[in-house]
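Trainee: I have a model on screen and want to learn how to read it. Where do we begin?

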Amino acid sequence: GIHSVVRGVGSYLPQKVLTNADLAEMVDTSDEWIVQRTGIKERHVAAEGEFTSALGLKAAQAALADAGLVADDIDLIILATSTPDQTFPATAVTIQSELGITRGAAFDLQAVCSGFVFAIATADAHLRTGAFKRALVIGAETFSRILDWNDRGTCVLFGDGAGAIVLEGVPADEAKGRGVLTSHLRSDGRHRSKLFVDGGPSSTGTVGHLRMEGREVFKHAVGMITDVIVDAFAATGESAETIDWFVPHQANRRIIDASAQKLGIAPEKVVTTVQSHGNTSAASIPLALDVARKDGRIKPGDLVLLEAMGGGFTWGSALLRW
Ligand code: ACO
């Protein structure tokens, strides 16, 4: 069989930083409230005219450089995003074109905050068939464009950014146990009105704004996250003890801590970036992977557990050996 092995990782954050103090000048909130409830201290915001495709392109270029590969080595691009440049074409084809790639396939994948985990699972399935050789899996978002900047309950939570990894299909005997080991995806549309955008091409003809019942999301998050991680452990025989790093979707410090605690994952194995990135939706996991890889925490051969939960609801886990 074929394994999908990580070749490189990269990320990009827009230059402009919005602190909690900046937000306190825009809505009735405080640094204390935001830090206590979410752990977030600051987030990055894209400049005017800086689109999701631009963030995703820079992350993709960084991942290619890290992998020691050139754009022409890539034949599959999957972009996880809920904030595409346009309704269509897929923002992935803009990135493909900017990279100068004219072969293979590029498409967007929409699973909100779970998008990167869904994209990893999708890329892995395609690489395993042998139909594609090397995939750029990107998460890129500009949630600042769909926030209601008058709603203090949501506008303090999100940030913009992008991250990407390169996966390569490698024969099992060469992979030596490395690669994506298992992935588990779930959704339950009964919860779709707890976290949604109140606009769209087919309903209102407008872009709309993000709406969320924060308490309802919080209530379901930890249970859903831990369920799919239990599935990942059951499928592989791995456990909270054997994993080296837990890289969760970065929505909220309290959700991350509660999930790790419930699973018995030691705090020092948890990679947390929510304090400086906010919730960047589908971009949060590859952004965190890049931080932990570049600062030397994640090393080749390490067992890395990913999870996410978001609008839909959608949720999922992926376990990979770096
Ligand atoms: N600053 C100050 N006060 C605020 C703010 C703010 N930014 N936002 C809300 N409040 C007020 C509310 O108005 C309310 O006031 P009231 O009691 O006078 O009515 C009070 O704080 C409590 O509001 P709640 O919404 O009940 O606050 P809660 O403790 O639930 O915290 C939060 C809100 C942080 C959104 C929390 O519910 C949460 O983290 N939910 C998870 C949502 C999440 O992470 N979503 C991300 C997307 S999904 C994902 O990625 C997993």
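**Reading the model**

Mentor: Start with one residue. Cysteine 113 sits in the loop between strand S5 (105–109) and helix H5 (115–129). Keep in mind that this is a predicted model.

Trainee: Is cysteine 113 buried or exposed, and why?

Mentor: Count neighbours. A residue is buried if 20 or more other C-beta atoms lie within 10 Å of its own. Cysteine 113 has 33 other C-beta atoms within 10 Å, so cysteine 113 is buried.

Trainee: Which residues does the UniProt "active site" annotation cover?

Mentor: According to the UniProt record, an unreviewed entry, the annotation covers Cys113, His249 and Asn279. Those residues are spread over 167 residues of sequence, yet they cluster in space. The largest C-alpha distance among them is 8.6 Å.

Trainee: Where does serine 281 lie, and what is its phi?

Mentor: Serine 281 is in the loop between helix H10 (274–277) and helix H11 (284–294). Its phi is positive, about 55 degrees, and serine 281 is not a glycine. Serine 281 counts as buried because 34 C-beta neighbours are inside 10 Å.

Trainee: Now the ligand. How many residues surround the ligand, and which are the closest?

Mentor: List the shell, then sort it. Here 23 residues surround the ligand. The closest are Thr29, Cys113, Gly214, Phe218 and Ala251. Elements giving two or more residues to the shell are helix H2 (31–38), helix H6 (152–155), helix H8 (214–236) and strand S12 (303–310). H8 gives the most, with five residues.

Trainee: How do I check the length of a helix?

Mentor: Helix H3 (residues 52–67) has 16 residues; at 1.5 Å a residue, H3 should span 22 Å. The end C-alpha atoms of H3 are 22 Å apart, which agrees. Then ask about cover: 14 of the 16 residues of H3 are buried. Just after H3, glycine 68 takes a positive phi of about 70 degrees.

Trainee: On to sheets. What is the strand order in the sheet of five strands?

Mentor: The order is S1-S7-S6-S4-S5, in an open sheet with mixed pairing. Strand S1 (2–12) and S5 stand at the edges; each has a single partner strand, so one side of each is left without a neighbour in the sheet. Neighbouring strands of this sheet are turned by 20 degrees against each other on average, direction ignored. Inside the sheet, strand S6 (residues 134–142) and strand S7 (residues 160–171) pair in the antiparallel sense over nine bridges. Isoleucine 138 stands opposite alanine 164 in S7.

Trainee: And what is the order in the open sheet of four strands?

Mentor: S8-S13-S12-S11, again with mixed pairing. The edge strands are strand S8 (179–187) and strand S11 (245–248), each pairing on one side only. Neighbouring strands here are turned by 10 degrees against each other on average, direction ignored. S8 pairs with strand S13 (residues 314–321) in the antiparallel sense, over eight bridges. The bridge partner of histidine 184 in S13 is serine 317. S11 and S12 run parallel, joined by four bridges. Phenylalanine 246 stands opposite leucine 305 in S12.

Trainee: Which way do the residues of S11 point?

Mentor: Trp245 and Val247 point one way from S11, and Phe246 and Pro248 point the other way. All are buried.

Trainee: Where are cis peptide bonds in this model?

Mentor: Look at omega. A cis peptide bond joins phenylalanine 88 and proline 89, with omega about 5 degrees. Proline 89 is in the loop between strand S4 (76–80) and helix H4 (91–99). Another cis peptide bond joins glycine 312 and phenylalanine 313, with omega about -10 degrees. Phenylalanine 313 lies in the loop between S12 and S13.

Definitions and conventions:
Residues are numbered from 1 along each chain as its sequence is written. This is a predicted model: local features need pLDDT of at least 70, side-chain atom pairs count only at pLDDT 80 or more; totals for chains, interfaces and linings use all residues. A residue is near a molecule or strand if its C-beta atom, placed from the backbone, lies within 6 Å of it. The expected span of a helix is 1.5 Å times one less than its number of residues. A residue is buried if 20 or more other C-beta atoms lie within 10 Å of its own, exposed if 12 or fewer, and partly exposed in between; C-beta atoms are placed from the backbone. Two strands pair if DSSP finds at least two bridges between them. Axes are lines fitted to C-alpha atoms, for helices over the stretch in contact, and angles run from 0 to 180 degrees between N-to-C directions. UniProt positions are given in the numbering used here, feature names are shortened, and annotations may be inferred rather than shown by experiment.
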